Amino acid sequence: MGIRFISKPSTLKESFQSPQETHFFPTCVLAIATIIMGISSYGTSSCGPWLLVALRVLFWLYVAIAIVVAIFHNWYLYHSRMANWQTFALLRLLPSFPAMLSGTMASVLTSNQPVHHAKPMLIGGTTLQGFGFLMSLLVYAEYVFRANKDGLPKPLERPEMFIAVGPWSFTAVALIGMAQVAVEKWPQRYIISVADTSSSSPTSVSAADIALVMATLSAVFMWMMAFFFFCIAAISTIAACRVFKGKGKGELGMSMAWWSMVFPNTGFTLATIDIGEALQSEGILWVTSVMTVLQVTAWLSVAVGMIWGVWNRELLWPVEVEDDDDGKGR
């Protein structure tokens, strides 16, 4: 992509204006979030306190970028009436997705942060997690309406249906993760003291304990919604395969849309693991072991398929415009 934009700078603007490519821009921000969380997970134990300071700076920079992307990219989509050219509603989740991942990032980064820095990071993560999730609900309404009205998407677009699994899954992961950190980082009477100013003695139940219970129970019903959308996407994709007598030949060929099976379903697996640990269920944890193996297999399969597609010039290569039988170009 870098070679493409450098060799012909106008393609950067064209890509942002393209109904097929404009929604890939926020995924670059998601990649940055994953890198930052990887730094925290693998570097904190091996580096000095300077890394904690750097991670705090990166977190708040990411929050600022996520807010700017959510506001201005959504505004641009409204301004350009992009929905007239992009009929697949789920892609409109992506501009708000970087903000939603702030909650997951906060749950990872704050575990090693000092208390006075962890508290604002947790509140900031909760704020943006809620914003991203509520924005996704608006897109879900359009997605379900269109599915009922117009039927399933074209076979080539059906892997993108797995995007619907992401918001529910990552919100569950973020809520449980942030609540677990809050148990360690929040003071005993944090928030609760506002409702009871007459007493300064510790209460028997802390706000963090309440948050953990509410987060776990909320994650359970969010998991069910994620499971529902996962099944709908899986059945729709399998039904389009030739081996199951899907319509057309080659319509479900390898495309970049297959990466939609990786990131959202990874969140689904992580959410199941967190719920199993919170509920202390060995049965759920055994299921997550199988899910992890299947997810890694799916990731490797898509990666190999993408490399094969690029090698055969079927992906990420310019194509000539041809005419269909009805005279319309494609």
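This is a predicted model: local features need pLDDT of at least 70, side-chain atom pairs count only at pLDDT 80 or more; totals for chains, interfaces and linings use all residues.
Helix H6 comprises 36 residues, 115-150. At 1.5 Å a residue the helix should span 52 Å, and its end C-alpha atoms lie 51 Å apart, which agrees. Gly151 follows H6 and has a positive phi, near 90°.

The model contains 3 salt bridges. Side chains of opposite charge can pair when their charged atoms come close. The pairs are listed below.

| Salt bridge | N to O distance |
|---|---|
| Glu142 with Arg92 | 2.5 Å |
| Arg146 with Glu142 | 3.0 Å |
| Asp150 with Lys149 | 3.4 Å |

The bridge between Glu142 and Arg92 links distant parts of the chain, 50 residues apart: Glu142 is in helix H6, while Arg92 is in the loop between helix H4 (50-79) and helix H5 (97-109). Arg92 counts as buried because its relative accessibility, 13%, is under 20%. Glu142, at 24%, counts as partly exposed.

Arg146 and Glu142 both lie in helix H6, 4 residues apart, about one turn of the helix. An α-helix has 3.6 residues a turn, so residues three or four places apart point the same way. Arg146 is partly exposed, with a relative accessibility of 26%. Lys149, which pairs with Asp150, is exposed at 58% relative accessibility.

Ala298 is placed in helix H11 (residues 282-311). Its relative accessible area is 19%, so Ala298 falls under the 20% cut-off and counts as buried.

Conventions
Residues are numbered from 1 along each chain as its sequence is written. Side-chain values use heavy atoms; hydrogens and water are left out. Helices (H or I, at least four residues) and strands (E, at least two) are DSSP runs, numbered from the N terminus. The expected span of a helix is 1.5 Å times one less than its number of residues. Buried means under 20% relative accessible area, exposed over 50%, partly exposed in between (1.4 Å probe, protein chains only). A salt bridge is a side-chain nitrogen of Lys or Arg within 4 Å of a carboxyl oxygen of Asp or Glu.
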